[in-house]
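Good morning, and thank you for coming.

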Amino acid sequence: MTMMRLNRVNKLGPVLQVVEGYSVDLPREVSDAIEKRTDRAWPSTFFVPNTGVAGCESVYDVMANWGANHSCLTYGHIGADVLAFASMLRIPVSLHNVAFERIFRPHVWSAYGNESRQGTDFMACRDLGPLYK
């Protein structure tokens, strides 16, 4: 699955987060304990992110860096496609765990360096300007 969230940051605009991972089945006593603490009418899917990438070293790192406890989930690992689409719309990505070799960005992104994948996004999107109003 791919988990995504679009945050609106004051004076910055929309900022995207994209994390690939897997849905998991928890033992009933564990899922019940979690679900009984929220509105029982809400749907729940338990998700475990792929880890080992900066900002996503562990499940706890992903949650600590996540905009809020809500997200959009889709089946399949489509993070690379979402990152490419975000760059076309000039929406910076503040957190992702997509492998570098799977990422496609417009050629102009390389002018901003490769030291920080997220920092490059913010600089390119700032300088190129949004394609939306």
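I start with strand 3, which contributes 3 residues to the lining of the largest pocket, the most that is given there. Please keep in mind throughout that this is a predicted model.

How big is the largest pocket in volume? The computed value is about 890 Å³. In total, 24 residues line the largest pocket, and those closest to its centre are Pro43, Ser44, Thr45, Phe46 and Asn69. Strand 3, at residues 47–49, is one of the elements that give two or more residues to this lining; the others are helix 1 (28–35) and helix 2 (59–65).

Let us turn to the second largest pocket. Its volume is about 260 Å³. Which residues lie nearest the centre of the second largest pocket? They are Phe100, Ile103, Arg105, Trp109 and Asn114, out of 12 lining residues. The lining of the second largest pocket divides into 5 nonpolar, 5 polar and 2 charged residues.

Finally, I come to Gly119. This residue is found in helix 4, which covers residues 117–128. Between Gly119 and Phe100 there are 19 residues of separation in sequence, and their C-alpha atoms lie 14 Å apart in space. Is Gly119 buried, partly exposed or exposed? Gly119 counts as partly exposed, because its relative accessibility is 25%, and that class lies between the limits of 20% and 50%.

Key
Residues are numbered from 1 along each chain as its sequence is written. This is a predicted model: local features need pLDDT of at least 70, side-chain atom pairs count only at pLDDT 80 or more; totals for chains, interfaces and linings use all residues. Side-chain values use heavy atoms; hydrogens and water are left out. Helices (H or I, at least four residues) and strands (E, at least two) are DSSP runs, numbered from the N terminus. Buried means under 20% relative accessible area, exposed over 50%, partly exposed in between (1.4 Å probe, protein chains only). On a 1 Å grid over the protein atoms alone, a cavity is a set of points where a 1.4 Å probe fits but cannot get out, and a pocket is an open set with protein on both sides within 12 Å along at least five of seven lines; lining residues have an atom within 4 Å of a point. Grid points are joined across faces, edges and corners, and a volume is the space filled by probe spheres set on the points. Ala, Val, Leu, Ile, Met, Phe, Trp, Tyr, Cys and Pro count as nonpolar, Asp, Glu, Lys and Arg as charged, and the others, Gly among them, as polar.
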